[in-house]
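Below are my notes on the model, as numbered points. They cover the fold, the side-chain pairs and a few single residues.

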Amino acid sequence: MTKLITKYSPAIAGLLLVALGACAKAPAPSGYADPHEVQNRRTHGANIDLDRALVSPASDVYGEAVPREVRDVVSVFSDNASLPGVVVNNILQGNVEDAAHNAIRFLFNTTFGLLGTIDVATDIGLEERDTDFGETLHIWGAPEGDYVVLPVFGPSTERDGFGIVADFFLNPLSLVLPTDVKHLPKATWVLSKFGDRYTFGDTIDEFYYSEDGYELMQLYYLDSRRYELGIEVEDTELEDIYDAYDG
């Protein structure tokens, strides 16, 4: 345990400093300024190349070779395995009600849902109340930061990019699972993303490969993310997205 704490002590210290320094509500962002557009477009192009060469073909193989019922089981298991990390974020946000709700959901699906392969909790009103460390930082008062396009992950912001990295370390399952199955949640997460790519392939292709795909993804991501965080978006900004999508 001491070795574990030592290993992650810089990250833990950083999180504590952010928490202690968050004294004010995060400033509400507005507009779609893109100071890193040149680099973002390079990364966007590299992501498209990766999708064309690997992700899309692999998702087609996965979707066509694996029955829908099995793919659904993989996705349900992956979602359930991510819940302990969601609970940690609920606690960091001071949201005790959602933390308890998600914890009970995890226990129900893990026990009565055959180790999380069947979603029995939703049927009794225990739907997932999703969150992530990017939202935690928002609640702590961290600003959105600049728009960035991440390798593989795609559209993000500086705050959410840091949140993606932090979420990989916040899930307690990685600390308690036996070594031989320790990486199973991450493996099923990757498979579930291939399943999503297959299921929503036409929509993703329209975003990726359209002439104005970069702008579409930027506008859609920023608007939907701000909406998730409860940030009001001006009507004119919403119209920009619809106009861009309609061409």
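1. Helices (H or I, at least four residues) and strands (E, at least two) are taken as DSSP runs, numbered from the N terminus. T199 has its place in helix α8, which spans residues 184-199.

2. The model is a predicted one: local features need pLDDT of at least 70, side-chain atom pairs count only at pLDDT 80 or more, and totals for chains, interfaces and linings use all residues. Residues are numbered from 1 along each chain as its sequence is written, and side-chain values use heavy atoms, with hydrogens and water left out.

3. On the fold: the chain has eleven helices and two strands. Read from the N terminus, the order of elements is α-α-α-α-α-β-β-α-α-α-α-α-α. With contact meaning heavy atoms within 4.5 Å, 70% of the contacts between residues at least 6 apart in sequence join residues at least 24 apart.

4. On accessibility: buried means under 20% relative accessible area, exposed over 50%, and partly exposed in between (1.4 Å probe, protein chains only). By this scheme 38% of the 247 residues of the chain count as buried. T199 is partly exposed, with a relative accessible area of 40%. The chain exposes about 14,500 Å², of which carbon and sulfur atoms supply 63%; accessible areas come from the Shrake-Rupley method with a 1.4 Å probe, and for residues only the protein chains shown count as cover.

5. On aromatic pairs: a pair of aromatic rings is described by the distance of the centres and the angle of the planes. Rings of Phe, Tyr and Trp (its six-membered ring) pair if their centres lie within 6.5 Å; planes under 30 degrees apart count as stacked, over 60 as edge-to-face and the rest as tilted. The structure holds nine such pairs. One of them is F207 with Y220: the ring centres are 5.7 Å apart and the planes stand at 65°, so the pair is edge-to-face. This pair links distant parts of the chain, with F207 in helix α9 (residues 201-209) and Y220 in helix α10 (residues 213-228), 13 residues apart. F207 is buried, at a relative accessible area of 15%.

6. Y208 and Y209 also pair. Their ring centres lie 6.0 Å apart and their planes are at 70°, so this pair is edge-to-face. Y208 is buried at 13% relative accessibility, whereas Y209 is partly exposed at 33%. Elsewhere, ring pairs link F133, W140 and F162 into a cluster.

7. How many salt bridges does a search of the whole structure find? The search gives 14, a salt bridge being a side-chain nitrogen of Lys or Arg within 4 Å of a carboxyl oxygen of Asp or Glu. Among them is R52 with D49, at 3.4 Å from N to O. Both residues lie in helix α2 (residues 37-65), three residues apart, about one turn of the helix. R52 is partly exposed at 48% relative accessibility, and D49 is partly exposed at 46%.

8. R129 and D98 form another salt bridge, at 2.8 Å from N to O. The pair links distant parts of the chain: R129 is in the loop between α4 (96-111) and α5 (133-140), D98 is in helix α4, and they are 31 residues apart. R129 is partly exposed, with a relative accessible area of 26%, whereas D98 is buried at 16%.

9. E144 is in the loop between α5 and β1 (147-150), and is buried at 9% relative accessibility. Its side chain makes a polar contact with the side chain of R226 at 3.0 Å. A polar contact is a pair of N or O atoms within 3.5 Å; within protein, one must be able to donate a hydrogen and the other to accept it, and residues adjacent in sequence count only if both atoms are side-chain atoms. Not counting residues up to four places away in sequence, E144 touches P29, T157, E158, R159, L222 and R226.
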